[in-house]
Amino acid sequence: MNTISKTIVLATALTATAASGLAQDLNSAYFTDDYKYRHDINPAFGNSQGYAAIPILGNLNVRLQGNVGAGDVLFKNPRYGMPGEKKTVTFMHPSISYDEAMKGFSSSGIKVVGDVKLTIASVGFNAFGGYNTVELNSKTMFGLSLPKDLMEFAKNTTNDNYVFDDMAVRAYSYAELAFGHSRQIDDQWRVGAKVKALIGVGRADVEVEDMRASLVGDTWMLEGKAKGQLSLKGAELRSKEKEYKTRYVTSAGGAQVPQTYQRVDDVKVDGAGIGGFGLGIDLGAVYKLDDDFTFSAALTDLGFISWSNNVVAETPGGQFAFDGFHDMAVRDAYATTGNTFSDKGDEYGDQLADFLNLESKGDQGGRTTALAATASLGAEYKLPAYDKISFGLLAQQRFNGKFSFTEGRLSANWRPLGWLNGGVSFAANSYATSMGWILNIHPKGYNFFIGMDHIFGKHTKQFIPVNSANASLALGMNITW
């Protein structure tokens with residue numbers, strides 16, 4: 001599966017080039033009074049204080065979500081110490097059993113999504129009969145989706161049919177200039193809206209369509225097509241000549257030399273510029289039923305970006321015969337000469353290269369993509385006997401194609417002092433369960449907040465989550481009045 005691995009790595013590299021997209025906000029703070037950036041989750045929320053963000057430091061939000069961790073892919077090698085054996089191996093290593101290798105993968109496959117939001121400038125103030133906000137934000141999103149069948153096919157080909165219909169890598173980046181206004185309609189209703197002018201930096205998508213593997217006799221028949229799209233000003237896909245490892249041709253001098261093929265290997269960016277323009281809108285409402293119950297709803301990031309270019313790379317597609325795996329011994333000790341994993345790996349890699357090789361098709365013109373919209377519903381209950389404590393329930397649905405997700409979050413919120421509040425929360429979403437918290441300090445003149453929607457757990461030395469790809473951090477410093 002060497003070439004499949006390389007294709008996935010290449011797809012990730014292509015999207016990383018364009019990644020600089022869309023971010024989550026701190027959901028644990030949705031019910032935290034006077035958290036300055038509640039209006040980013042629901043534009044109907046206002047603040048009792050005006051504020052101005054300290055440039056760059058006003059609101060930083062980083063989030064990683066996923067249903068797989070490093071511990072599901074990397075294992076301690078039980079054969080470590082034997083000649084040529086490494087200490088850490090992947091789930092595909094012969095020493096890792098099928099059951100052990102597969103137990104960490106969900107039936108829905110691997111999903112990993114990362115978001116980064118950086119507030120460059122933000123101001124909130126009371127005027128014009130309500131609360132107003134002006135913001136300049138940079139947003140980034142990247143995501144990886146792989147079907148479980150791909151992991152099973154890489155590890156064990158005992159089944160006759162596999163479907164790889166959920167493979168995708170995506171990344172996009174843009175800046176937004178947002179103008180928001182919210183106001184009280186009466187004693188019960190408060191409404192708000194934001195209009196956003198969007199400046200696209202870049203977007204990249206790699207998707208596999210209708211890819212299948214079927215065993216016909218002793219031969220695997222592969223069919224499907226992969227397509228990569230890159231919208232980045234001045235970008236050009238660069239191809240590199242690669243050599244087959246087991247295929248040779250006779251040169252003019254009579255010598256046997258490796259046969260070659262062209263493969264997209266890198267991205268060249270000639271200068272920098274604006275990749276596209278777009279428009280977005282947020283809508284929200286808050287309804288106060290009585291002194292104890294408050295309900296809220298919002299629909300954010302409704303909009304689009306129109307990109308000025310679209311560089312495309314595709315695989316040849318069609319059907320391809322892959323004569324591999326079934327005749328390969330799992331363990332070298334049980335194999336005959338020329339029949340081991342190492343012997344056959346290059347041969348099968350060459351066969352898969354013909355099927356999965358991305359070829360550049362050049363710039364195909366512009367394209368338009370939708371933002372990842374989010375719907376939010378909230379309900380809050382304040383204790384009648386002690387209104388400094390409340391409990392809240394927030395339900396969210398993000399609409400983002402293969403990277404859509406649903407989350408429900410229950411929070412307990414406490415405001416012991418007029419200038420100090422915070423809370424803790426528990427959430428269950430499409431990827432994992434998590435614990436979150438928020439601390440919000442907001443005396444007159446200054447505001448500092450810090451919180452997490454997912455507490456960072458066990459990680460590697462490189463700070464890669466071991467048990468699940470879930471972590472977040474939000475913090476900010478603002479001047480208030």
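Colleague: Which residue is the bridge partner of serine 182 in strand 9?
Modeller: The partner of serine 182 is glycine 192. Strands here are DSSP runs (E, at least two residues), numbered from the N terminus. The model is predicted: local features need pLDDT of at least 70, side-chain atom pairs count only at pLDDT 80 or more, and totals for chains, interfaces and linings use all residues. Residues are numbered from 1 along each chain as its sequence is written, and side-chain values use heavy atoms, leaving out hydrogens and water.

Colleague: How many bridges do strand 8 and strand 9 pair over?
Modeller: Strand 8 (residues 168-184) pairs with strand 9 over 17 bridges, in the antiparallel sense; two strands pair if DSSP finds at least two bridges between them. They form a hairpin with four residues between them.

Colleague: And what do strand 9 and strand 10 form?
Modeller: They form a hairpin with two residues between them, and glycine 217 in the turn has a positive phi of about 65 degrees. Arginine 212 has glutamate 223 in strand 10 as its bridge partner.

Colleague: Which residue in strand 13 stands opposite lysine 194?
Modeller: That is aspartate 282. Twelve bridges join strand 9 to strand 13 (residues 276-288), and the two run antiparallel.

Colleague: A change of topic: is lysine 117 buried or exposed?
Modeller: Lysine 117 is buried, at a relative accessible area of 1% (buried means under 20%, exposed over 50%, partly exposed in between, with a 1.4 Å probe and protein chains only). Lysine 117 belongs to strand 5 (residues 110-127).
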